Amino acid sequence: ADLAADPATVRLAEALGLVGYDYTADSPSTRTLAAVFPLVRDSALDFLLEVHHAGTLRLASADVDTAYGMWRRDDFRNAVTDEVLFSDMALVYGSLVVSLVCVLAYTRSLFLSVVGLLQVCFSFPLAFFCYSIVCRLDFFPFLNFLGLFVIMGIGVDDLFVVVDKWSQAARSLPPGSDVPTIAAVAGPDAALTMLLTSLTTAAAFFATAVVPVAPVRVFAIFMGFMVLADYLLCLTVTFSAVCLQHRWLQRAPSSRRARCLLSLLDFSRCSSRPPQEAAAPRARVLERLMSGPMHIAVHRGRFVLLALFFAALGLCVWQVANISPPSSTAVQLLPESHVVERYETWKQDFAEEDSSEMFVVWGLTPGDTGDHNNPELVTDLLADLDWDPSSREAQRWLLDFCNATASDPAAPRSRSPHQK
């Protein structure tokens with residue numbers, strides 16, 4: 001955009017904030033424009049969200065990029081970020097579908113698959129009870145909802161452990177053993193196996209609670225409770241479902257119609273020939289693979305694998321050492337092409353160095369009376385009752401401090417009518 005280099009035009013453009021950071025009187029041309037519109041504070045957020053959803057601020061030209069936001073306020077950015085995060089929660093349903101397919105392929109039982117996924121989902125409200133009622137934590141950030149993805153993998157893994165322990169116990173006992181006999185062998189074995197992994201995982205999350213960042217701390221606490229809740233539900237709900245399935249299959253009639261109905265419990269029941277009840281169940285394909293060819297290959301190539309492990313470890317250490325530290329403390333949750341994220345980037349270009357502000361307050365004592373687990377509850381101001389600025393020495397010191405600060409080279413200079 002070419003603008004006249006008239007000084008009056010320059011002063012007016014700077015006062016209204018209509019020009020880009022590369023526009024000067026010597027170079028009255030810019031490829032970046034900024035416009036600042038004053039809005040009523042109470043209705044600014046609703047108005048900006050309305051025009052954002054309607055697409056009013058998007059330009060039709062493909063050669064022009066648009067960015068907009070609220071100056072010195074994060075309300076609009078937080079609202080848009082929450083909308084994007086809530087829309088991403090649809091990925092949870094995709095995670096459920098993928099987990100259901102994997103569990104179906106492994107257990108060959110629609111009944112166990114549905115019960116197992118429901119048990120994983122029930123760990124969320126149980127953990128929330130411990131989080132909110134027992135620990136009395138009111139701050140529940142959106143980060144806690146991401147725990148659904150984590151607990152989905154942990155819960156499905158526990159389901160596989162229960163199914164495998166039951167299958168191993170059934171093979172180790174005489175054919176035709178009843179449900180209580182198999183449960184007496186499989187139950188303690190599965191409980192101990194899952195207890196070790198669940199305790200170590202929960203301990204790792206609880207140990208993260210020492211982090212001073214409140215959202216990370218409460219997320220770690222919530223995830224620790226959710227891991228423990230999943231363990232308890234897996235021992236009660238999932239293990240009971242495995243016992244019921246085995247009992248129903250043992251008592252099922254041998255007609256083909258009954259076998260097809262029972263295919264919801266075991267897909268192999270809907271075969272042309274009824275299974276031999278007297279025969280011991282065969283080991284799964286994965287178990288035969290791991291105990292046979294895989295075991296032999298790992299044993300023979302153990303030294304090569306060990307060398308590859310240390311080589312990969314050294315490569316990872318080298319890559320970690322070359323990772324550059326973050327240039328900003330801000331957490332980027334939106335893609336760089338998003339209008340809000342682009343606005344945050346461009347705002348740094350438009351903000352001049354002399355537009356920064358510094359506040360110095362006397363008469364307060366350092367302290368924090370707010371809730372460290374809830375960043376929305378800020379601290380109260382703690383007054384220093386012993387501070388007295390009325391003396392001549394104190395007033396002289398304050399005057400010298402202000403003069404020294406104003407004369408510092410880093411202090412801002414007034415260059416336009418809208419700057420103070």
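The structure is a predicted model, in which local features need pLDDT of at least 70 and side-chain atom pairs count only at pLDDT 80 or more, while totals for chains, interfaces and linings use all residues. Residues are numbered from 1 along each chain as its sequence is written, and side-chain values use heavy atoms, with hydrogens and water left out.

The chain contains 14 helices and zero strands, where helices (H or I, at least four residues) and strands (E, at least two) are DSSP runs numbered from the N terminus. Contacts (heavy atoms within 4.5 Å) were examined by sequence separation: among those with a separation of 6 or more, 64% join residues 24 or more positions apart. Of the 420 residues, 31% count as buried; here buried means under 20% relative accessible area, exposed over 50%, and partly exposed in between (1.4 Å probe, protein chains only).

The largest nonpolar core has 50 residues. Such a core is a set of buried Ala, Val, Leu, Ile, Met, Phe, Trp, Tyr and Cys residues joined through side-chain atoms within 4.5 Å. Trp 166, Met 226 and Phe 239 touch the most other members of this core. At least two residues each are supplied by helices H4 (90–107), H5 (110–134), H6 (147–172), H7 (179–207) and H8 (214–251), with H8 giving the largest share, 14 residues. Leaving aside neighbours within four places in sequence, Phe 239 is in contact with Val 162, Trp 166, Ala 183, Ala 186, Gly 187 and Cys 234. Apart from this core lies another, of twelve residues, among them Leu 48, Ala 79, Leu 334 and Val 340.

The accessible surface of the chain comes to about 27,400 Å², of which 64% belongs to carbon and sulfur atoms; areas come from the Shrake-Rupley method with a 1.4 Å probe, and for residues only the protein chains shown count as cover. A nonpolar surface patch of about 710 Å² includes Leu 286, Met 290, Val 298 and Leu 305. Patches consist of residues with over 30% relative accessible area and no salt bridge, like charges being joined within 9 Å and nonpolar side chains (Val, Leu, Ile, Met, Phe, Trp, Tyr) within 5 Å; a salt bridge places a side-chain nitrogen of Lys or Arg within 4 Å of a carboxyl oxygen of Asp or Glu. Leu 305 lies in helix H12 and, at 45% relative accessibility, counts as partly exposed.

Zero disulfides were found, a disulfide being a pair of cysteine sulfur atoms within 2.5 Å. For Cys 135, the nearest cysteine sulfur, that of Cys 130, is 7.4 Å away. Cys 135 is partly exposed at 33% relative accessible area, whereas Cys 234 is buried at 0%.
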